[in-house]
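Reader: Could you walk me through one part of this structure, the open sheet and what packs against it? I'd like a close look, strand by strand.

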Amino acid sequence: MKIHEKYIKRCIEIAKNGLGTTRPNPMVGCVIVYKGKIIGEGFTSPYGGSHAEVNAINSVKDEALLKESTLYVTLEPCSHYGKTPPCSDLIIEKEIPKVVIGTVDPHSKVAGKGIERLAGSGCEVISGVLEEECQNHHKRFLTFHNKQRPYIILKWAETQDGFIAPKTKHSQKPVWITNSYSRQLVHKWRTEEHAIAVGYNTVIADNPSLTARDWVGQNPIRIVLDKTNKLPKTLKVFNQDAETFVISEEDIDFNKPIAHQICQLLYKQNIQSVIIEGGSKTIQAFIDETLWDEARVFYGDVRFKEGIKAPEFYGNPISKQTFLNDTLYYYEPY
């Protein structure tokens with residue numbers, strides 16, 4: 001393995017510690033190497049705290065070694081003032097002679113300016129190391145800034161005979177297709193993403209909470225599609241456990257394709273990622289408008305014989321996992 005790739009891989013690995021807590025900042029990882037030995041590591045603190053480069057530099061015990069070290073980072077160091085000072089200025093101040101970067105930051109306030117500032121100070125800068133892997137790691141941040149919409153994850157569970165819900169229900173409770181291990185994983189996902197969206201029929205049928213009750217972490221913002229804005233406020237999605245954002249006919253035109261409109265609305269709300277969790281009509285709207293980045297589909301071992309059909313879907317399977325009798329497939333668009 002090439003030496004730069006080795007350390008950028010480590011940067012990606014530690015950066016994941018910030019998943020779900022750094023928004024709107026990207027979850028960056030940084031490693032500082034002196035003569036073939038890692039002397040400092042850091043990842044982005046929860047929003048408002050220090051960036052990865054600052055945390056890595058502060059973790060170095062002997063600051064004098066920085067003048068002979070190489071700093072590795074998944075994303076171009078910032079060059080502007082936000083909640084914290086520019087990381088590029090700190091790197092220059094500490095006289096770190098070499099910086100290796102995974103991918104360029106597309107944010108309009110950075111977009112090459114960090115690299116330019118570092119190079120202008122005499123720092124040797126290498127960029128584009130494991131670029132594809134770094135871009136995949138930063139997919140939420142990059143999608144938001146490059147495509148001006150949230151990163152979209154489709155998620156559903158279906159039976160062996162292709163249904164996502166039974167035809168009729170006797171109570172306002174979910175009918176489970178998957179086991180408790182799969183459901184716990186879903187709650188983990190909720191802590192990792194900015195928002196979760198469901199349609200009117202799902203709220204009425206299941207009365208879901210849409211929170212991460214079975215995992216430790218932040219609850220996502222709950223997005224509810226309610227054309228006439230008449231859902232009873234006694235439903236669980238309106239409790240105090242998480243913020244809820246209702247999209248009604250005052251916000252979008254339900255007589256036109258809704259997925260693009262929803263994305264525009266969520267972008268204006270600075271929402272970086274969203275899980276589209278249900279129901280079938282809502283998920284199908286995003287499929288039909290080719291507005292999705294990945295799909296996570298559980299296949300349980302139950303059969304309904306009749307019910308609400310799973311979305312009509314074509315995707316490229318990229319990996320799968322099993323949880324007892326459940327199988328989870330991850331898809332990407334063709």
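Predicted model: local features only at pLDDT ≥ 70, side-chain atom pairs only at ≥ 80, totals over all residues.

Author: Ground rule for the strands: two of them pair if DSSP finds at least two bridges between them. Strands (E, at least two residues) and helices (H or I, at least four) are DSSP runs, numbered from the N terminus. Residues are numbered from 1 along each chain as its sequence is written, and side-chain values use heavy atoms, with hydrogens and water left out.

Start with β8 (residues 195-198) and β9 (residues 221-225), which run parallel over 4 bridges. In that pair, A195 sits opposite I221 of β9. Zoom out and you get an open sheet of 8 strands with mixed pairing, ordered β10-β9-β8-β11-β6-β12-β15-β14. Its edges are β10 (244-247) and β14, each pairing on one side only. On average, neighbouring strands here are turned by 20 degrees against each other, direction ignored; axes are lines fitted to C-alpha atoms (for helices, over the stretch in contact), and angles run from 0 to 180 degrees between N-to-C directions.

Now the helices. Contact here means heavy atoms within 4.5 Å. Helix α7 (residues 180-192) packs on the sheet and touches β6 (151-158), β8, β11 (273-278), β12 (294-299), β14 and β15, with its direction at about 160 degrees to that of β12. Helix α9 (residues 259-268) also packs on the sheet, touching β6, β9, β10 and β11, and its direction makes about 140 degrees with that of β10.

As for the inside, a nonpolar core is a set of buried Ala, Val, Leu, Ile, Met, Phe, Trp, Tyr and Cys residues joined through side-chain atoms within 4.5 Å, where buried means under 20% relative accessible area (1.4 Å probe, protein chains only). The largest one has 33 residues, and I152, L154, W156, I223 and F286 have the most contacts inside it. Helix α9 gives the largest share, 5 residues. Leaving out residues up to four places away in sequence, I223 touches A195, I196, A197, V198, F245, I247, L266 and I271.

Methods
Buried < 20%, exposed > 50% of the residue type's maximum accessible area, 1.4 Å probe, protein only.
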